[in-house]
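Let's take a walk through this fold, from strand pairing to a helix and what covers it. Keep the viewer open as you read.

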Amino acid sequence: MTSGGPASPPPVRAAGAVPIIVTATMGAADQLHFNNLRAAHYPPERNHLTAHITLFHQLPPSCLDELDRLIRRIAADTPPPAASLRDIYSLGGGVAFRIDSPGLLAIRERIADHFTGMLTLQDQGTPRLHITVQNKVEPAAARALLAELAADFRPRALTIAGLAAYHYLGGPWQPAFARNFRGVRT
């Protein structure tokens, strides 16, 4: 990905405009599994979202239509990327599942290249793909959950179904669109 480097200023954001978050969506069984883990272990007053895999944290709201057109093209010609749950790790005050998916990172790179110059510093770097199932808890509670989940964890495949965009509303997210991958593996 090309970027202006660390000295580049962040993109200008209009007052009152809400950023766009882009995620990878999971298959129904994986989504249900991780939603259930979040419901059981995330503090209820903070659990505004379903389980998700964040690809971009803050795209400018002005690029929503262009983003939708780009993701429609990507989804139409791209097969679902292979992905696996590699391990479980500590967030200090929470727990997450690490995802290994070079294919998903390549798709993210296509989007990043398209929006070069519009990315925040956070979104210019390559993300550590993960699913957070607990956050903002006491470290002892996080350590206990990590030990519990790690006891019978085995790396396994994770189904990546598509891409979605949301408007960030300061906690909750408002869906903008979602597109499933429809390309065929050759």
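Two strands count as paired if DSSP finds at least two bridges between them; helices (H or I, at least four residues) and strands (E, at least two) are DSSP runs, numbered from the N terminus. This is a predicted model, where local features need pLDDT of at least 70, side-chain atom pairs count only at pLDDT 80 or more, and totals for chains, interfaces and linings use all residues. Residues are numbered from 1 along each chain as its sequence is written, and side-chain values use heavy atoms, leaving out hydrogens and water.

Start with β3, which runs antiparallel to β6 (residues 156–157) and is joined to it by two bridges. Here S84 sits opposite A157. β3 (residues 84–90) also runs antiparallel to β4 (residues 95–100), this time with six bridges; I88 has F97 as its bridge partner. Four residues lie between the strands of this hairpin, and G92 takes a positive phi near 85°.

Now hop over to β5 (residues 130–134), where you'll find I131. I131 is buried, at 0% relative accessible area (buried means under 20%, exposed over 50%, partly exposed in between, with a 1.4 Å probe and protein chains only). Leaving aside residues up to four places away in sequence, its contacts (heavy atoms within 4.5 Å) include F34, L85, F97 and L158.

F34 brings us to α1, whose buried residues are D30, Q31, F34, L37 and R38. They cover an arc of only 130° around the axis, so they share the same side of α1; the arc is taken from the directions from the helix axis to the C-beta atoms. Their cover includes β3, β4, β5 and β6. On the other side, A28, A29, L32, A39 and A40 are exposed.
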